[in-house]
Amino acid sequence: MNPRRLAAVVLRQFYLYAGSPTRLVPLFAWVAVDIALWGFITRYLNSIASPGFNFVPALLGAVLLWDFLTRVMQGVSTAFLEDVWSRNFLNIFATPLRMSEYILGLVATSIGTSLIGLATMLGLATLAFGLSFFAYGAAIVPFLLVLFLSGIALGVAGTAMMLRLGPASEWFIWPLPAVLSPFVGVFYPITTLPSWMQAISRLLPPSYVFEGVRAIVRGASWSASGLAIGFGLSILYIAMAGLFFRRVFGVAVRTGLLARYSAESTT
Amino acid sequence: MRNLRKAYRDMVAVDGISFAVPPGEIVGLLGPNGAGKTTTVNMILGVLEPGEGAITIDGIDLLKRRSAALSCTNFAAVYAALPGNLTVEQNLRVFGMLYSVPSLSDRIDALVEQFDLKRFRGTRSGVLSSGEQTRLSLAKALLNRPKLLLLDEPTASIDPAIARTIRATIRSFAQENQSAVLWTSHNMYEVEEVCHRVFFLSHGRILLEGDPRLLPREHGAANLEDLFVQVANEQLHDGIVR
């Protein structure tokens with residue numbers, strides 16, 4: 001691992017963000033819109049629901065946490081897409097850069113961009129709608145960690161898919177979190193789902209986070225063992241996504257796809 | 001390069017070629033379009049895996065130690081412009097870090113001076129003229145003083161005066177650093193001026209090899225361009241017969 005090469009990947013992304021408001025604004029603008037929308041929905045629900053139940057930590061908090069995962073995933077895939085959009089594969093992959101350094105560079109970029117999004121969401125949700133992360137207690141740390149790791153796994157797997165399927169496949173990648181959201185129970189308990197969906201839920205780390213969030217909101221104790229399973233699964237998925245990317249990269253080098261990526265296929 | 005072969009299904013792009021580029025020598029890789037030049041360059045750059053054969057750069061096996069081997073190389077190609085959304089300086093800094101160039105700021109200063117890019121330092125490379133972009137690609141290619149420099153039609157989009165300066169720059173770079181240079185070009189005048197040796201590729205095979213100043217006479221051609229046309233016509237004829 002060469003830290004200077006890893007830093008080069010991050011620096012490249014920093015230059016892009018620093019010199020481009022069109023990249024910078026979406027880091028906080030869309031999440032702010034999302035929080036505003038759900039903030040008003042929760043405020044309305046609080047006004048019509050029976051007193052005693054607060055929708056803010058249950059619903060707005062869940063939206064915030066799900067948006068965080070989405071931002072992490074998009075942080076990785078957007079950083080990769082910068083090389084697709086600028087047709088930079090030949091230049092970057094003909095350098096001594098190792099795949100692990102490249103991926104870690106994308107992840108490091110995602111940490112920066114997703115933290116900006118998280119801070120924006122938290123600031124707005126706290127100031128405008130009274131959401132406090134303190135409501136979740138110390139559990140918020142493992143919650144965020146599991147969501148972060150899941151976002152990384154999803155982002156790396158998504159970039160591998162884009163590498164394999166060509167530039168147009170980015171439209172497959174953006175909706176991935178939306179595809180997963182019904183299974184992980186962002187807004188409802190997993191038990192609401194039919195049994196086959198529950199079986200899938202148990203394989204998805206964020207399910208354990210949102211079950212934990214709801215338990216805390218209900219005043220019940222959250223399942224540490226459940227969260228440990230979620231943590232273990234997310235680590236496993238990161239490893240699998242890394243292997244998947246490495247394998248796809250190997251295929252792209254073998255078939256010539258890497259050198260002719262814009263062709264989308266070499267067959 | 002030893003017995004290098006690459007096939008895409010039934011189409012053989014490179015068919016068992018072997019050659020070496022010794023330190024300080026500039027070798028021209030010539031041939032008509034589709035002869036296998038870019039496929040060969042891509043294999044040496046590590047972005048395309050050979051079906052068979054081995055590539056050794058400065059004693060390092062590319063297939064076994066990719067990162068170490070690629071740290072001794074660099075390239076400029078007319079079809080691989082640097083990211084247009086970064087400035088000249090940013091591009092050189094990012095690629096300098098990727099190649100772990102020591103005293104990077106000093107090296108960038110020297111290269112922007114050498115390639116007359118000083119006034120464009122803060123300019124996004126996407127708005128540079130094609131000639132200026134080529135000079136930037138060449139500056140990037142020399143960042144790490146590579147032991148093996150690959151140039152795929154490096155002067156294709158620049159005017160004759162700058163092309164002459166660039167040829168002189170590459171020649172003195174190869175001599176001073178004892179770097180090997182593999183140069184592809186369709187400009188036979190340029191090849192004659194710059195290259196110590198050339199290989200003619202046709203159908204992925206090396207057809208001819210020798211001194212570009214002597215080869216035409218040895219094969220009954222008036223000059224290198226005529227010889228190129230002969231080789232190209234043979235490839236065309238072979239293609240029709242096939």
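Helix 3 (55-85), helix 9 (195-201) and helix 10 (205-218) of chain A are among the elements that cover the buried residues of helix 8 of chain A, with helices taken as DSSP runs (H or I, at least four residues) numbered from the N terminus. This is a predicted model, where local features need pLDDT of at least 70, side-chain atom pairs count only at pLDDT 80 or more, and totals for chains, interfaces and linings use all residues. Residues are numbered from 1 along each chain as its sequence is written, while chains are lettered from A and ligands numbered from 1 in the order in which they are written.

The buried residues of helix 8 (residues 176-184) of chain A are Pro177(A), Leu180(A) and Val184(A); buried means 20 or more other C-beta atoms within 10 Å of a residue's own, exposed 12 or fewer, and partly exposed in between, with C-beta atoms placed from the backbone. They sit on the same side of helix 8 of chain A because they cover an arc of only 70° around the axis, the arc being that of the directions from the helix axis to the C-beta atoms. Turned away from that buried side, the other face of helix 8 of chain A carries exposed Ala178(A) and Val179(A). After helix 8 of chain A comes Gly185(A), with a positive phi near 65°.

Zooming out, chain A has eleven helices and zero strands. Its C-alpha trace spans about 65 × 40 × 30 Å along the principal axes, and 46% of the 267 residues of chain A count as buried.

Methods:
Helices (H or I, at least four residues) and strands (E, at least two) are DSSP runs, numbered from the N terminus. Two residues are in contact if their C-beta atoms, placed from the backbone, lie within 7 Å.
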